[in-house]
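Subject: Structure handover

Hello,

Here is the structure for you to look through. My notes follow below it.

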Amino acid sequence: MPSRAAGAARAARGHRRAARSAALLALALLLAGGAATGCGGRATTHHKPGTSHEQASGSVGTLLATADAAGHKLREVPAEGAPEVRLALRPDSEDGWNLQLSVKNFRFTPDSTGGAALPGAGHAHLELDGRKIARLYGPWFHLPAAQVPEGAHSLTVRLYADDHTAWAVSGKPVEGAAQLTAPAPGTPGGHSHGEAPSQPPPASGQEQADRTVTITVRDGAVSPAPARTELRRGERVALRVTSDRADTLHVHGYDKELALPAGQETTLILTADRTGLFEVETHESSLILTQLLVR
């Protein structure tokens, strides 16, 4: 017969094992809860590999089964306090038009694009005659004349959440529209509303820029290989890009974008008025084209 002391020792060991198991279970539940909500319970800006944007989205509003013309699901919110947007445009003194987005109950959040939907936050898409030409991360956008064929056109700007669902009220996307008439190339004073530019448009980006960076994208490869382009603050740089597929050029930090038509050289002229390191990439193919190092 085992002694009472031996039995007591076995019982004590059993209690210790049970305590350790309970502690491990509590820790596992705590970690699982943190993973579900992100650090500090905040919405994460990234979604798990293999999941769609909608699977990563937050609980704001109601995700509808219907989608907008671009195929993005609608995120229905009540009319009271819903995001609003209006679009206005005016001729640029050098080339094309300057577009202004006036928003209400909405803020642009470029740093969290791709994350969960947050109330009244996100970005915008700009469409020309129903075709997306740019993603907007701020209230201003320059539309070059070269991107608009001759004739009358309709511009539409639509608001999206960070998870790329379209904000909607009563089953309709939140958007604004404006009409634009582009004159024939070479027409004197060629701007909409009959306003003439103060000076003729430049023949090329080279004439206005201190530095020119020429980049080609073909079959998913960037040539020359991405490197740093060093600039002094205040210098103007011309980014001349030719892509074999339609895409959008985006300069991070400056929130500058430009549509890249397939097979056509396109130039974005930028004044480096802030210091730092800024990436230049394509949206659709997610390629880094260069880095602007401004000192």
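The largest cavity has a volume of about 40 Å³. A cavity here is a set of points, on a 1 Å grid over the protein atoms alone, where a 1.4 Å probe fits but cannot get out. Grid points are joined across faces, edges and corners, and the volume is the space filled by probe spheres set on them.

This is a predicted model: local features need pLDDT of at least 70, side-chain atom pairs count only at pLDDT 80 or more, and totals for chains, interfaces and linings use all residues. Residues are numbered from 1 along each chain as its sequence is written, and side-chain values use heavy atoms, with hydrogens and water left out.

**Cavity**

The structure holds 1 cavity of 30 Å³ or more. The lining of the largest cavity consists of R135, L136, Y137, G138, W140, F141, D255 and E257; lining residues have an atom within 4 Å of a point. Two elements, β7 (131-136) and β8 (140-143), each give two or more residues to that lining. Strands are DSSP runs (E, at least two residues), numbered from the N terminus. By class, the lining has 4 nonpolar, 1 polar and 3 charged residues. Ala, Val, Leu, Ile, Met, Phe, Trp, Tyr, Cys and Pro count as nonpolar, Asp, Glu, Lys and Arg as charged, and the others, Gly among them, as polar.

**Open sheet**

An open sheet of 5 strands runs in the order β15-β21-β20-β17-β18, with mixed pairing. Two strands pair if DSSP finds at least two bridges between them. Neighbouring strands are turned by 15 degrees against each other on average, direction ignored; the axes are lines fitted to C-alpha atoms. Inside the sheet, β17 (residues 247-251) and β20 (residues 276-282) run antiparallel, joined by 3 bridges. There, L249 stands opposite T282.

**Around β10**

Side chains in a regular strand alternate between the two faces of the sheet. In β10 (residues 166-169), A166 and A168 point one way, W167 and V169 the other. All four are buried, meaning under 20% relative accessible area (1.4 Å probe, protein chains only). β10 pairs with β2 (residues 73-76) in the parallel sense, over 3 bridges. E76 stands opposite A168. β10 also runs antiparallel to β11 (residues 172-173), with 2 bridges. V169 stands opposite K172 there. The hairpin of β10 and β11 has 2 residues between the strands, and S170 takes a positive phi near 55 degrees.

Best wishes

Technical notes
1 Å grid on protein atoms, 1.4 Å probe; cavity = no way out; pocket = protein on both sides within 12 Å on 5 of 7 lines; lining within 4 Å. Axes fitted to C-alpha atoms, helices over the stretch in contact; angles between N-to-C directions. Buried < 20%, exposed > 50% of the residue type's maximum accessible area, 1.4 Å probe, protein only.
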